[in-house]
Amino acid sequence: MADPPSTVPQSSAPEGTAATTNAHIPELPNEVLCSIAGFVDDADIPNLRLAAKVFHYITAERFATVFFQDRAYELSPAGLKALVKITEHPVFAPYIRTVIIGHGGKHHSATYHDNMESAFQNLKLYGHKISLGLRRVRTAHNFEARPYCIGTAMSKFSEKMISAAKKAQMPIESIIADLQNPLVGDRSGEWHYLYSHILRGDGSTAFHIKLSSHGPTFAASNRVSFINSHRRLELSRTNPSVERVISCELPYLALELHLSDCEVSGTLMAKLLSHSSQLKHISFHNVHLVMSSDGLGHWGLVFTYLFAFRIASLESCEFGNLWHGRDSLWLGGGDKTIRAKTRGQVYTVMPNLAARLEESTLDV
């Protein structure tokens with residue numbers, strides 16, 4: 001008779017190894033769980049929150065910040081009801097910082113304005129400044145055929161939107177012209193009714209032209225900004241196409257011009273500088289000037305123009321990482337920064353740059 005089979009233990013793991021069957025997610029240290037969550041893309045956070053309750057809790061703040069900081073709703077009964085509902089949410093409402101309204105080109109009833117006022121009253125309770133903006137949306141009402149009508153309708157709505165915020169005593173951080181909609185070939189001059197709120201001091205601190213987004217939050221956007229307190233015009237992560245949305249009024253009013261991580265054409269550079277008659281400070285960092293024969297399409301022309309026409313008003317300037325296409329302006333590899341902190345230093349730096357001296361190592 002054959003011998004009976006020997007009894008084999010259920011767990012045959014080698015001695016000294018961890019028993020993974022008991023390593024449940026809730027038992028992992030918080031540091032490990034937070035590290036796991038940190039590797040997850042923003043778009044996958046909702047799915048991660050469904051995987052386990054512990055992930056639901058440790059990602060709560062990130063989820064609220066990413067998905068509720070910037071909110072956009074169409075100007076419709078359903079859209080504004082959704083806006084009011086989210087501002088009543090006890091968890092997500094405190095994270096809201098930006099509210100964008102999509103306008104289809106029609107005048108709207110007072111009920112809509114009442115809904116906005118209710119939403120703004122809810123947001124006011126949290127004590128945060130809120131940025132307000134408009135974007136055009138495609139509707140059955142063909143506003144493209146009657147641009148003067150859409151301009152009038154949106155102008156009146158912007159007045160009522162800001163009036164509702166003031167009535168609710170909700171502090172306004174900034175006004176936004178949201179041009180992300182691919183339908184729209186807007187020029188910022190058509191949105192003068194928005195940045196006029198900034199220029200006449202309606203309580204907001206800045207006007208932004210939002211061009212595109214690399215993520216859910218406004219901070220990650222390509223944009224043009226006019227900061228009212230310093231009268232500073234900023235271009236961040238833009239390309240030459242931004243020229244179509246910059247009204248001449250913005251550089252004309254600017255005392256400071258800041259370009260960072262930008263690609264600009266000679267035409268755009270000429271528009272920025274020729275309409276800025278009272279510049280006191282210029283800052284260019286990581287700016288690529290596109291090779292062209294138009295406008296100020298060469299850095300030598302830019303510096304010559306500044307020296308000839310703007311040096312009288314300039315009190316300081318800063319230039320770092322300037323490029324002609326992919327070629328660094330500085331022979332040392334494009335990592336030098338030239339600074340002039342006083343008017344006297346500007347008079348020293350600018351003619352050297354205008355003459356295109358190769359030894360551009362001055363840091364004063």
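User: What share of the 364 residues in the protein chain is buried?

Analyst: This is a predicted model, where local features need pLDDT of at least 70, side-chain atom pairs count only at pLDDT 80 or more, and totals for chains, interfaces and linings use all residues. Residues are numbered from 1 along each chain as its sequence is written, and side-chain values use heavy atoms, with hydrogens and water left out. Buried means under 20% relative accessible area, exposed over 50%, and partly exposed in between (1.4 Å probe, protein chains only). Of the 364 residues, the buried share is 45%.

User: How many helices and strands are there in the protein chain?

Analyst: Both are DSSP runs, numbered from the N terminus: helices are H or I with at least four residues, strands are E with at least two. The count is 12 helices and 12 strands.

User: Why do the buried residues of H5 lie on the same side?

Analyst: Helix H5 spans residues 77–87, and its buried residues are Gly 79, Leu 80, Leu 83, Val 84, Ile 86 and Thr 87. The arc is that of the directions from the helix axis to the C-beta atoms. They share a side of H5 because they cover an arc of only 170°.

User: Which exposed residues does the face of H5 turned away from its buried side carry?

Analyst: The buried residues of H5 have cover that includes helix H4 (60–68), strand E1 (70–74), strand E2 (98–103) and helix H6 (110–124). The face turned away from them carries Ala 78, Lys 81 and Lys 85.

User: Which handedness does the β-α-β crossover from E8 to E9 have?

Analyst: Strands pair if DSSP finds at least two bridges between them. Eight bridges join E8 to the parallel strand E9 (residues 281–289), and the chain crosses between them through helix H10 (residues 266–274). Right-handed means that, with the strands pointing away from the viewer, the path from the first strand over the helix to the second runs clockwise. This crossover is right-handed.

User: Which residue in E8 stands opposite Leu 233?

Analyst: Strand E7 (residues 232–236) runs parallel to E8 (residues 256–264), and five bridges join them. The residue opposite Leu 233 is Leu 257.

Conventions. Contact = heavy atoms within 4.5 Å.
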